[in-house]
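Have a look at the view below, then read on.

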There are 2 protein chains.
Amino acid sequence: MKKKTTSRSSRKRRVTAASQVLAVTLEMVATEAGVSPSTVSRILNGTARVRESKVRAVNAAVAKLQFRPNPVARSLAGGKSMSVGVVIQAIESPFYAETLATMEKALFRAGYSVLFVSGHWREDDERRCIEHLLSRRVDGIILMTSCLPEQELIQLSRSAPLVLTGRHVASDRICSLDVDNSPGARLAAEYLIGQGHQRIAFIAGPVEHPDSTQRLDGYKAALAGSHIPFSRKLVVAGDYTDAGGYAAMNRLLDTGESFTAVFAANDQSACGAMLALHRRGLEVPRDISVVGFDDLPSSSFTIPPLTTVHRSINEIAVTTAEAMVELIEGRTPAPRATPATLAIRESTARRRD
Amino acid sequence: MKKKTTSRSSRKRRVTAASQVLAVTLEMVATEAGVSPSTVSRILNGTARVRESKVRAVNAAVAKLQFRPNPVARSLAGGKSMSVGVVIQAIESPFYAETLATMEKALFRAGYSVLFVSGHWREDDERRCIEHLLSRRVDGIILMTSCLPEQELIQLSRSAPLVLTGRHVASDRICSLDVDNSPGARLAAEYLIGQGHQRIAFIAGPVEHPDSTQRLDGYKAALAGSHIPFSRKLVVAGDYTDAGGYAAMNRLLDTGESFTAVFAANDQSACGAMLALHRRGLEVPRDISVVGFDDLPSSSFTIPPLTTVHRSINEIAVTTAEAMVELIEGRTPAPRATPATLAIRESTARRRD
DNA sequence: AGTCTTTTTGAAAGCGCTTGCAAAGTTTAG
DNA sequence: CTAAACTTTGCAAGCGCTTTCAAAAAGACT
């Protein structure tokens, strides 16, 4: 085999956009190492056996030239982009932000970049986000608590493998990850009941959020388990924000309904509720016990520190990322779930008579 | 000109990775519209005048085939990727998370995708992140409070235009955005002084963070402006977390040093400090006034609601995104700054004698 | 040593789009 | 009415990498 320079390598380089620092290409490496571009590619990707001596020569050339493969070209040729899209509902929520951060780290380690977009809990927005990710040719998509109909998700999974958190959809290119919303909520409510509370209010999340409904279900299940009648009057609507929790608690207090504990669908609502109680001169936990859901890092530092349902953000994120990678690589990830536990702190107390 | 099918369009399509839904290519559009691919490209990008009738035909074909250009191919051919990288120090911090979310929205509108990576305030990490972004061929990089030396940034700006927040580096491919750390801090300290406080403690952020130092400077400037001697004993180290603020306050109280107000370098530290005070039986603001910095959304809902230096996250993010786009498109963005203001709430009070 | 396998390797054809160049079509001028 | 001067448009050559295919090299066997 002649070791001559490829005809292409001698062509004049068109000036690339901007003053991009001269890019080292795979061809230059090939020339330097005295092999063909194909061989370099194969060595770099481990897609075929290659004589040991050439491997060394190529590695040396790569090091010498500081070659870094162009992922764009690689995507175009190879059909995969080594990037995954994450659709998050509200990155401004600390819970999601932290999850995203951890996922990014895990995916980065696996060689993937993450493109994220915020869906804001609206079907249309979510569709647009997905469209965008797809047009960017991501290799897979992670949907955190998607609000799209099941059929659409299955349909979508034909374009890209999907990992869903907080939803369950059965399909081969979809991996669903249960985040224990309902059991977690039940845990919290049962704890309150165990502390002697009977009239437990619930500050709900937005009705359109599936996880919000699941938490309400857990709450109901706990009541039912202890034969405590469920009362609509003790359920007030929130929106997962501090402000929403604050307003909800005020509304609840205005109804005059009596209660000794409140379970909020997330920590932020719980914080808002605590402030409302405080303003009305009610002391937590002496007068009213409060429980949240999520266990944000800041929840250990509220006054008083919040008792809340803890979910390991780290575990959720890492598990999700792993599942995504497995799915992309064609394997079938084992079903997973991350159990919720209860972090008991100082916002709850035994009911006083 | 003959309107014949391009030779290429008839070639057999290699099966692409996964069951990717059949991709419509520009060539198919060209065939459908009865023009050449070049013409389609030119119409799509507006890079040359084209007869009105063809424009219509192409647009019709695009609509009919639901053509969506492949950004990967476009990047490879055109040299730009329509994506920008954002290096954030700690996405787990609500402040950064929210900024990132807003930036994403703004850049999305301008047609750019965002790739983000977390630097964790470490020079090495930051370098690795930048490397990664560069290898992904981003068109520009936004560095939030970078900790890299100026020379390196200038050097870097030759590879990609840069937008820096909280740093000032003069160079043509760099746009620096002042986020008013020092003036903001000064505002807060002056307010406390105006409320009669003289012994004002300061909970600092990590020394390696440039913005942390700037805030300390603002605090010192305020003291100096009122001829109040600066005392090292009133400055305790924090790390921008709730836990750090909590520990810092405990240490401060343990020293027995007297003070009537505390200024924390960020809201999270302030929250931690408030809890520490609470545990020691000190009431905010009756016994001690507390001021934070950042004005996180949750800071309006702490108990008591926190007085803090407000910065418009929205403004910072949008301004940054705009500057990035201008820089990428070769224009020179006007210098910008986002002024900090003081959000006076209930954690501060006039000094009691 | 010669034949049949099995490996290793290179040439070349893409991936889908942009763009320089020159041919074809139009308009204007002489 | 033809030549000169623009405009519009297609051809084809890339962008940097992967991968198929077939040729070359190396082994395995008579």
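Two residues are in contact if their C-beta atoms, placed from the backbone, lie within 7 Å. Keep in mind that this is a predicted model.

With that cut-off, Ile141(A) touches Val84(A), Gly85(A), Val87(A), Ile130(A), Leu133(A), Ala160(A) and Leu162(A), leaving aside residues up to four places away in sequence. Ile141(A) also belongs to the largest nonpolar core, where Leu100(A), Ile141(A), Leu100(B) and Ile141(B) have the most contacts inside it. Apart from this core lies another one, which includes Ala248(A), Ala265(A), Ala276(B) and Val290(B). The table sets the two side by side.

| Core | Number of residues | Some members |
|---|---|---|
| Largest nonpolar core | 93 residues | Leu100(A), Ile141(A), Leu100(B), Ile141(B) |
| Another core | 90 residues | Ala248(A), Ala265(A), Ala276(B), Val290(B) |

Now to the place where the chains meet. Here 46 residues of chain B are in contact with 46 residues of chain A. On the chain B side, at least two residues each come from helix 4 (71–78), helix 5 (94–109), strand 2 (113–118), helix 10 (242–255) and helix 11 (267–279). That side of chain B is made up of 21 nonpolar, 16 polar and nine charged residues.

Finally, a pair of helices within chain A. The axes of helix 1 (residues 26–33) and helix 2 (residues 37–45) of chain A come within 8 Å and cross at roughly 105 degrees, so these two helices of chain A are roughly perpendicular to each other. From helix 1 of chain A, Leu26(A), Glu27(A), Val29(A), Ala30(A) and Ala33(A) meet Pro37(A), Thr39(A), Val40(A) and Ser41(A) of helix 2 of chain A. By class, this contact has six nonpolar, two polar and one charged residues.

Notes
Residues are numbered from 1 along each chain as its sequence is written. Chains are lettered from A and ligands numbered from 1 in the order in which they are written. This is a predicted model: local features need pLDDT of at least 70, side-chain atom pairs count only at pLDDT 80 or more; totals for chains, interfaces and linings use all residues. Helices (H or I, at least four residues) and strands (E, at least two) are DSSP runs, numbered from the N terminus. Ala, Val, Leu, Ile, Met, Phe, Trp, Tyr, Cys and Pro count as nonpolar, Asp, Glu, Lys and Arg as charged, and the others, Gly among them, as polar. Axes are lines fitted to C-alpha atoms, for helices over the stretch in contact, and angles run from 0 to 180 degrees between N-to-C directions. Angles under 35 degrees count as roughly parallel, over 145 as roughly antiparallel, 65 to 115 as roughly perpendicular and the rest as oblique. A nonpolar core is a set of buried Ala, Val, Leu, Ile, Met, Phe, Trp, Tyr and Cys residues joined through C-beta atoms within 7 Å. A residue is buried if 20 or more other C-beta atoms lie within 10 Å of its own, exposed if 12 or fewer, and partly exposed in between; C-beta atoms are placed from the backbone.
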